[in-house]
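Colleague: I am new to this structure and would like a short tour of its side-chain packing. Could you put it up on the screen?
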Amino acid sequence: MLFYLNNNYTIDIDLLLDIAKQAGEGILEIYNDPSRDMSVSYKDDQSPLTVADSTSHHIIAAKLAELTPGIPLLSEEGKNIPYDERKEWEYYWCVDPLDGTREFIKRNGEFTVNIALIHKNLPVLGIIYVPVTDVMYFGGVNIGSWKISPDSVIKKLTVLHGIDEWTAVGSRTHSSDEEAALLAKYKVTRIISVGSSLKFCMIAEGSAQIYYRHGPTMEWDTAAGHAIAIYSGAFMTTPAGEPFYYNKPLLVNGSFICKV
């Protein structure tokens, strides 16, 4: 499958999926080997960082540079690019090489590799790979959203509309009174907690109908999931219903709601 950029440049989706899978394999080598370094350091915001984060980052950065040498990269592990430089980018890759580091440390399997392509401050393509289950999600403008199972069966994803009882999905580690108050406005009868960007994938495949996050995330936390959700038919906005933009002067996101 080919993805067409506005300048008639094409990207082979299969090659992108392979990059995500290679990064996932690098993570699993560490995750599954008790002799490997599992030490944890902490970033300025006290979120954890492991050697698996940097391993995945180096794989993705090198492979994307080969595949799309003209498209710059913004990654959680390579984020210190001045806004004066970034603001000139028409396209760029927005990458979280290991989303759900806390889940990785807990060893519950709910962590992902996230790769998104941003065009003029909005995501046009997103890939999420789940290394432990070998499940791949991707979605983009004009191609829709898809899920590839471990046995290579590919399924088109469409959000589930027209149901009377909604499932809300939220974070395992971040919840708030504001989240409870907002969900009370909808026909939510069940709430489940899931790690990493898998919450967006649940919206896309119809197993949840609303995901609200109150408080900060970073752009690489949401970009790939944002794409997969909206190209399956969901909507993602600020709580006030305004567009949710990327490549901001500060890379911190505000609150958002993703729903059918």
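Modeller: Please note that this is a predicted model.

Colleague: Which ring forms an aromatic pair with Tyr-246?
Modeller: Phe-244 does; the pair is edge-to-face, with 5.7 Å centre to centre and 75° between the planes. Both Phe-244 and Tyr-246 are buried.

Colleague: And which residues do ring pairs link into a cluster?
Modeller: The cluster consists of Phe-200, Tyr-211, Phe-244, Tyr-246 and Phe-256.

Colleague: How many aromatic pairs are found in the whole structure?
Modeller: The search finds 10. One of them joins Tyr-31 and Phe-111 edge-to-face, at 5.0 Å centre to centre and 65° between the planes.

Colleague: Where in the chain are those two, Tyr-31 and Phe-111?
Modeller: They are 80 residues apart: Tyr-31 belongs to helix 1 (residues 13-31), while Phe-111 is in the loop between helix 4 (101-106) and strand 7 (112-119).

Colleague: Why does Phe-111 count as buried?
Modeller: Because its relative accessibility is 0%, and buried means under 20%. Tyr-31 is buried as well, at 8%.

Colleague: Changing topic: which residues touch the most other members of the largest nonpolar core?
Modeller: Tyr-137, Ile-203 and Cys-258 do, in a core of 44 residues. Helix 6 (residues 198-205) supplies the largest share, six residues. Apart from this core lies another, of 35 residues, including Leu-17 and Tyr-91.

Terms used. Residues are numbered from 1 along each chain as its sequence is written. This is a predicted model: local features need pLDDT of at least 70, side-chain atom pairs count only at pLDDT 80 or more; totals for chains, interfaces and linings use all residues. Side-chain values use heavy atoms; hydrogens and water are left out. A nonpolar core is a set of buried Ala, Val, Leu, Ile, Met, Phe, Trp, Tyr and Cys residues joined through side-chain atoms within 4.5 Å. Buried means under 20% relative accessible area, exposed over 50%, partly exposed in between (1.4 Å probe, protein chains only). Helices (H or I, at least four residues) and strands (E, at least two) are DSSP runs, numbered from the N terminus. Rings of Phe, Tyr and Trp (its six-membered ring) pair if their centres lie within 6.5 Å; planes under 30 degrees apart count as stacked, over 60 as edge-to-face and the rest as tilted.
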